[in-house]
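Visitor: I'd like to go through this one with you, a few residues at a time. Can we start with charge pairing?

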Amino acid sequence: MKIFAAALFLIILYSLGSALYYMYKDKGQSTRMVRSLSIRIGLSLFLFIVMMISYRLDMVTD
């Protein structure tokens, strides 16, 4: 579970970085930044829900 969470967190950070890149590169002329931020939000919510379910099912260990 820790590896899954860490991998998903790295993908979230990559999506955030690509949104920053598109913000500077496109100068507001395209929707790529919005798409990257939407993906980041979706992945963050997915990670939160998976962590809550795994905690509820006692899958999280110390």
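Guide: Searching the whole structure turns up one salt bridge, the term meaning a side-chain nitrogen of Lys or Arg within 4 Å of a carboxyl oxygen of Asp or Glu. This is a predicted model, in which local features need pLDDT of at least 70 and side-chain atom pairs count only at pLDDT 80 or more, whereas totals for chains, interfaces and linings use all residues. Residues are numbered from 1 along each chain as its sequence is written, and side-chain values use heavy atoms, with hydrogens and water left out.

Visitor: Which residue does D26 form a salt bridge with?

Guide: The partner of D26 is R32, and their closest N and O atoms are 2.8 Å apart. Side chains of opposite charge can pair when their charged atoms come close.

Visitor: And is D26 buried or exposed?

Guide: D26 counts as buried because its relative accessibility is 13%, while R32, at 30%, counts as partly exposed; buried means under 20% relative accessible area, exposed over 50% and partly exposed in between, with a 1.4 Å probe and protein chains only.

Visitor: Switching topic, where is S54?

Guide: S54 sits in helix α2, helices being DSSP runs of H or I with at least four residues, numbered from the N terminus. With a relative accessible area of 2%, S54 is buried.

Visitor: What is S54 in contact with, leaving aside neighbours within four places in sequence?

Guide: S54 then has contacts (heavy atoms within 4.5 Å) with M1, M59 and V60.

Visitor: What about L57, buried or exposed?

Guide: L57, in the segment after α2 (32-56), is exposed, since its relative accessible area is 57%.

Technical notes: Helices (H or I, at least four residues) and strands (E, at least two) are DSSP runs, numbered from the N terminus.
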